Amino acid sequence: MTRYIGIRFGQTAIVIAIMSFVIYGLIGLMPGDPIDLMIAADPKMTSEDAARLRELYGLDKPIYERYLNWAEAALGGDLGYSRLYAQPVLDVLWPALENTLVLLGFTIFFSVVIGLPLGIIAALKPYSKIDYFVNFIAFAGTSTPSFWLALMLIIFFSVNLGIFPASAMITDSDASLWERMNAMALPIMTLTIHSIASYSRHMRSNMIEILRRDYIRTARAKGSSETRVVLKHALRNALIPVVTIFGLDFGHLFSGALVTETIFAYPGMGKLIFDSIMGNDFNMALIALLFATLMTMMGNLLADLGYGWLDPRISYQGKS
Amino acid sequence: MAKQPRDSESMLSLAWKRFRRHNVALFCALILVTFAVMSFSAPLFEIFLGTDANLVNLYERFAEPSLKHPLGTDELGRDVMVRLLYGGQVSLMVGMTAAFAAAVFGTLIGLIAGYYGGRFDSFLMRTTDAVIALPLLPLLIVLAALDLRKVGLSAELMESDNISLYRIIAIVALFGWTTVARLVRGRTLTVRERDFVMAARSQGASAPRIMFVHILPNVVSPIIVATTLSIGHVILLESVLSFFGLGIQPPMASWGNLLTNAQELIWQAPALVIYPGLTIFFTVMSFNFLGDGLQDALDPQTMERAD
Amino acid sequence: MSENQTMSGSIIETRNLSVHFSVPGKGPSAPKRQTVRAVHNINLSLQPGKTLALVGESGCGKTTLVRALSLLIPPTAGDVIFEGTNITKYSQRQLRPLRKKIQMVFQDPYSSLNPRMPVGSLVAEPLVIHSIGKRSERRDRVAELLEAVGLNADIMNRYPHQFSGGQRQRIAIARALALDPQLMILDEPVSALDVSVQSQVLNLLQDLQEKLGLTYLFIGHNLTVIRYIADEVAVMYLGEIVEHADTQTLFSDPRHPYTQALLKAAPVHGVGKRKHNAKLKGDPPSPLDPPSGCSFHPRCVMAQDLCSVDVPVFEDIPNQTNHQASCHFKDQVPS
């Protein structure tokens with residue numbers, strides 16, 4: 001098991017390393033050469049000045065050399081300076097990450113608390129009204145563009161009902177907890193609706209699958225009461241794929257968070273990624289993207305581990 | 001002994017019979033066909049209504065729905081309905097093309113990985129897993145924000161009308177192949193063990209022949225299903241990118257970029273935000289239901305399998 | 001015998017052919033990887049125009065042997081000699097022209113024909129693979145082949161699922177004949193068919209053998225069928241040949257306890273007085289954990305202490321021609 005985790009960490013590290021090179025290259029292709037920007041800001045700069053600056057910043061070196069310099073610095077802890085925020089990258093990154101994790105935390109909590117039971121109930125009463133309802137919600141949820149969902153919620157709650165604010169940006173640092181929660185309400189709702197759609201659907205189909213299986217019938221034959229049967233056997237097994245989705249959904253959640261945070265101006269990782277890419281802040285974008293990749297892969301790893309732990313039939317030696 | 005189907009019964013007609021039982025899927029197929037027909041006859045609508053999709057008329061901003069403008073006008077006075085239809089052309093085209101391209105690529109990968117097995121399989125599947133593990137949207141945004149002139153593509157090409165169309169198709173297809181690849185690989189592994197493949201090998205059939213003549217026709221059903229389901233996903237991705245101004249560029253209309261200014265519009269004309277989103281919603285949902293129906297029709301035993 | 005000399009005129013021969021698989025060890029105390037001896041030290045020789053039957057329970061390695069013999073899987077050890085040439089190390093490319101001469105018919109008529117291809121394409125495929133003839137010529141040939149197996153030429157546009165098991169096997173046979181092969185490997189070709197249909201297909205196979213001078217390697221487990229169609233029989237157990245003889249001899253004077261047990265368990269009509277008291281006890285062993293000494297000894301009613309220690313040699317039975325067995329007590333005529 002430890003060996004397996006070790007291998008996975010190794011794989012993650014390799015992917016991150018490769019991605020860092022790829023993204024480094026891609027970022028370099030983004031519009032806006034730093035020197036050009038400086039020239040635009042200072043028209044008196046001559047071409048000799050520009051050339052000198054290029055040399056100073058090492059921008060005239062070939063890409064792999066620049067990359068290696070960057071990598072060396074990064075591994076040493078120096079992740080660069082953010083042009084957009086005029087601070088070291090890490091100083092901007094951590095708070096944003098915290099904010100996003102808070103947002104995702106609430107989302108996951110509500111999705112699980114609402115979505116899983118919905119799925120279970122739907123599975124227990126197939127083809128009933130509630131089953132169709134859950135199915136519909138699931139389908140609708142995954143068919144809705146998340147940005148549009150956000151907009152719809154804004155229209156409904158902010159414009160029409162005036163309950164929640166359309167922007168989640170709190171500028172007043174003395175804002176109370178209540179105000180903060182209020183501001184976060186719509187983003188959480190947006191993300192949650194999407195997640196509930198996934199969870200309830202998967203939970204339902206897993207439960208149906210499990211309930212059909214033979215050992216449930218055997219357990220029933222032994223005389224256990226219905227509830228015990230459901231809870232003990234089915235739940236444990238149905239949770240397995242849900243755990244997997246949870247881990248895989250992490251990446252999805254991150255992407256979804258990007259859209260939601262941007263629309264609601266919530267200062268999280270997603271908005272950071274978006275702003276830094278659109279603002280041509282190379283350093284920030286690079287680090288933020290790598291972080292997002294890392295988080296996603298960690299999510300996958302956790303999901304696989306959870307899967308393996310819950311399902312004793314899977315052995316790590318035999319994993320293909 | 002197995003039941004003997006009638007002489008004229010082919011596998012296709014059996015599948016069609018199963019599909020017909022799916023009322024919802026049929027209905028959705030109908031919706032999609034209607035959308036498609038309407039979208040591609042947008043020019044006719046233009047003529048009929050006497051208006052133009054790109055005609056800016058600042059005197060008629062935010063007009064109420066009328067005979068001349070069945071859905072009203074937008075913030076620049078352009079007719080909403082016609083723009084919606086043109087947007088449909090784009091979104092549907094992007095959706096189907098990108099999904100198809102991704103499917104082709106994914107099928108190739110899956111066939112090769114499944115047929116050759118061993119190192120190839122290992123490598124290809126690990127690559128696939130790695131791509132799946134990447135955060136999709138952030139990377140799409142980076143790719144969409146690239147300035148391709150830096151790679152050497154001519155400025156002329158970059159300014160051309162259709163470039164945003166090609167770009168978005170390419171970008172979305174770049175990540176969309178993974179589902180199909182996995183699916184095809186799994187099926188290939190199964191089909192590869194069947195006797196008729198062994199028979200072909202024993203006759204000296206070459207690997208490409210076995211892959212394309214023997215294995216591929218037997219894995220086509222799940223590919224069709226997966227591709228249909230992915231069209232909806234692609235349309236969603238395109239709409240997000242266009243919404244952010246990174247996808248289809250105005251004046252070309254796409255359902256996504258009709259919503260680009262939505263956040264300001266919410267206060268003035270919420271209807272303008274509702275229409276495009278609703279069309280996206282119904283289209284994607286229809287593709288999803290259609291895909292489900294196709295799955296039951298083409299591949300009924302999938303329901304029973306544990307994976 | 002020198003390397004390239006063969007037993008006179010054999011179509012195909014194997015010498016000490018072995019196929020071993022390495023599998024992950026099962027169980028907590030097993031080593032990392034274990035070796036499965038699927039096929040071990042097989043020496044077979046097929047004479048032209050004759051039928052050699054290979055008999056054994058399922059899991060004895062028949063299918064693996066067939067695949068190794070046709071070099072669809074690489075042997076772990078030993079040689080395959082085809083018409084005097086050692087083809088064991090040939091690449092797939094070199095083997096391609098030879099594949100025309102060796103064709104196979106499989107057990108399951110439902111999976112040996114590609115369900116997505118019409119019958120005409122199926123039968124013509126060998127011709128297409130080897131680029132023989134133009135389209136019209138191929139059509140004619142397909143018609144010819146279908147008639148030769150007793151089917152109507154106008155079924156060419158139909159699909160396999162429209163036919164019965166027996167008909168599908170005929171189609172499979174037609175396909176196998178397309179390239180005028182010399183050797184046909186028939187892997188349990190009638191085992192999946194209804195009894196009434198079996199004899200029809202067997203008769204067809206015999207007719208074809210006479211008309212076209214085909215050599216058959218016939219795999220099976222039904223002794224009645226074997227007796228009917230085979231000239232020689234080899235009995236296989238746990239990856240090895242334990243007895244080999246002319247059909248007549250095998251059925252009248254079996255010397256290996258396993259053969260005797262098989263005959264006793266499924267008596268064949270017309271064999272004569274049942275002289276054999278041998279019985280088959282226990283379950284087939286796992287190839288992962290073969291018994292020591294003689295691999296049959298745990299199930300052998302005649303087993304002695306010697307049998308669990310010494311591996312018996314596969315050698316001639318004295319005073320008989322073309323009869324070999326591997327048993328310490330093969331020389332004793334059972335009472």
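Predicted model: local features only at pLDDT ≥ 70, side-chain atom pairs only at ≥ 80, totals over all residues.

Modeller: Two residues are taken to be in contact if their C-beta atoms, placed from the backbone, lie within 7 Å. In its contact with chain A, chain B contributes 33 residues and chain A contributes 34 residues. On the side of chain B that touches chain A, the elements that give two or more residues are α6 (136-145), α10, α11 (262-268) and α12 (270-298) of chain B. Of these, α12(B) gives the most, with 8 residues. By residue type, this side of chain B divides into 27 nonpolar, 4 polar and 2 charged residues.

Chain B also touches chain C, through 18 residues from chain B and 22 residues from chain C. Here the elements of chain B that give two or more residues are α9 (195-202) and α10 (207-243). The largest share of this side, 6 residues, comes from α9(B). The residues of chain B that face chain C comprise 7 nonpolar, 6 polar and 5 charged.

Helix α3 (residues 119-129) of chain C packs against helix α5 (residues 165-177) of chain C at an angle of about 30 degrees, and their axes are 7 Å apart. Because angles under 35 degrees count as roughly parallel, α3(C) is roughly parallel to α5(C). From α3(C), the contact is made by Val119(C), Leu122(C), Val123(C), Glu125(C) and Pro126(C), and from α5(C) by Ile171(C), Ala174(C) and Arg175(C). These residues divide into 6 nonpolar, no polar and 2 charged.

Terms used. Residues numbered from 1 in each chain as written. Chains lettered and ligands numbered in written order. Helix = DSSP H or I, 4+ residues; strand = E, 2+ residues; numbered from the N terminus. Nonpolar A, V, L, I, M, F, W, Y, C, P; charged D, E, K, R; others polar. Axes fitted to C-alpha atoms, helices over the stretch in contact; angles between N-to-C directions. Parallel < 35°, antiparallel > 145°, perpendicular 65-115°, else oblique.
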